[in-house]
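Hello,

Here is the structure I promised to pass on to you. Please have it open while you read, and my notes on what turned up follow just below.

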Amino acid sequence: ARRRSEQQAIADRARALVRPDEMVALLEQWLASHPGVRLIAMASLPATPLEAAPRADADAGAAKDRPVATAAPGLYRHGVTLEIEGSWPALRAYLGEIERSPRRLHWSALHLQSDEHPRVRMRLTVNTLALEAAWLTL
């Protein structure tokens with residue numbers, strides 16, 4: 001019953017997230033609405049099980065320096081790495097759209113490089129979560 005309750009809670013939260021099969025199209029749609037941002041490269045990352053935080057009840061049987069972590073039941077992280085280029089204000093506006101969108105995506109890594117002012121290159125990893133591991137690759 002507890003596992004079913006946990007899976008239901010996960011499913012409820014997952015409905016607010018972008019489905020993995022919609023992620024690339026949504027990122028491209030947002031790119032099209034930001035003409036100052038140019039796509040250099042896009043690649044999908046392998047789906048990975050999401051690790052849950054250590055459970056309090058699992059710590060009782062574990063050594064004090066080795067907390068037990070379990071995978072979140074049936075929850076997978078799906079990611080896309082984007083390499084984009086533009087001015088800092090244009091890139092910031094694109095990232096802001098990802099953060100403010102009601103279609104939930106989360107970014108987990110961001111790297112900036114600026115060799116020639118005012119151009120900035122941004123490598124960004126964007127993730128969503130889903131109950132299935134299946135994932136289309138680019």
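**The nonpolar patch**

Strand β3, residues 106–116, is the element that gives the most to the nonpolar patch, with 3 residues. Strands here (E, at least two residues) and helices (H or I, at least four) are DSSP runs, numbered from the N terminus. The patch has an area of about 350 Å² and is made by W88, W107, L110 and L112. Accessible areas come from the Shrake-Rupley method with a 1.4 Å probe, and for residues only the protein chains shown count as cover. Patches are made of residues with over 30% relative accessible area and no salt bridge, with like charges joined within 9 Å and nonpolar side chains (Val, Leu, Ile, Met, Phe, Trp, Tyr) within 5 Å. A salt bridge is a side-chain nitrogen of Lys or Arg within 4 Å of a carboxyl oxygen of Asp or Glu.

L112 is found in strand β3, and its relative accessible area of 38% makes this residue partly exposed. For reference, buried means under 20% relative accessible area, exposed over 50%, and partly exposed in between (1.4 Å probe, protein chains only).

**Before you go further**

This is a predicted model, where local features need pLDDT of at least 70 and side-chain atom pairs count only at pLDDT 80 or more, while totals for chains, interfaces and linings use all residues. Residues are numbered from 1 along each chain as its sequence is written, and side-chain values use heavy atoms, leaving out hydrogens and water.

**The chain as a whole**

The protein chain has 4 helices and 4 strands, in the order α-α-β-α-β-α-β-β from the N terminus on. Of its 138 residues, 34% are buried. The accessible surface is about 8,700 Å², and carbon and sulfur atoms account for 54% of that.

**The core**

Which residues touch the most other members of the largest nonpolar core? They are L27, L82, I84, Y94, I98, L105 and V126, in a core of 22 residues. At least two core residues come from each of α2 (20–32), β1 (37–51), β2 (71–86), α4 (88–100) and β4 (119–130). The largest share, 6 residues, is from α2. A nonpolar core is a set of buried Ala, Val, Leu, Ile, Met, Phe, Trp, Tyr and Cys residues joined through side-chain atoms within 4.5 Å. In soluble globular proteins, nonpolar side chains tend to be buried together.

Beyond its neighbours within four places in sequence, L27 is in contact (heavy atoms within 4.5 Å) with M42, V80, L82, Y94, I98, L105 and V126.

T128 lies in strand β4 and counts as buried because its relative accessibility is 1%. Its side chain reaches the backbone oxygen of V18 at 2.5 Å.

T125 is also placed in strand β4. Is T125 buried or exposed? With a relative accessible area of 12%, T125 is buried. The side chains of T125 and T81 are joined by a polar contact of 3.4 Å. A polar contact is a pair of N or O atoms within 3.5 Å; within protein, one must be able to donate a hydrogen and the other to accept it, and residues adjacent in sequence count only if both atoms are side-chain atoms.

E83 is in strand β2, and its side chain makes a polar contact of 3.0 Å with the side chain of R121. E83 and L124 are 41 residues apart in sequence, with 6.4 Å between their C-alpha atoms.

Enjoy exploring!
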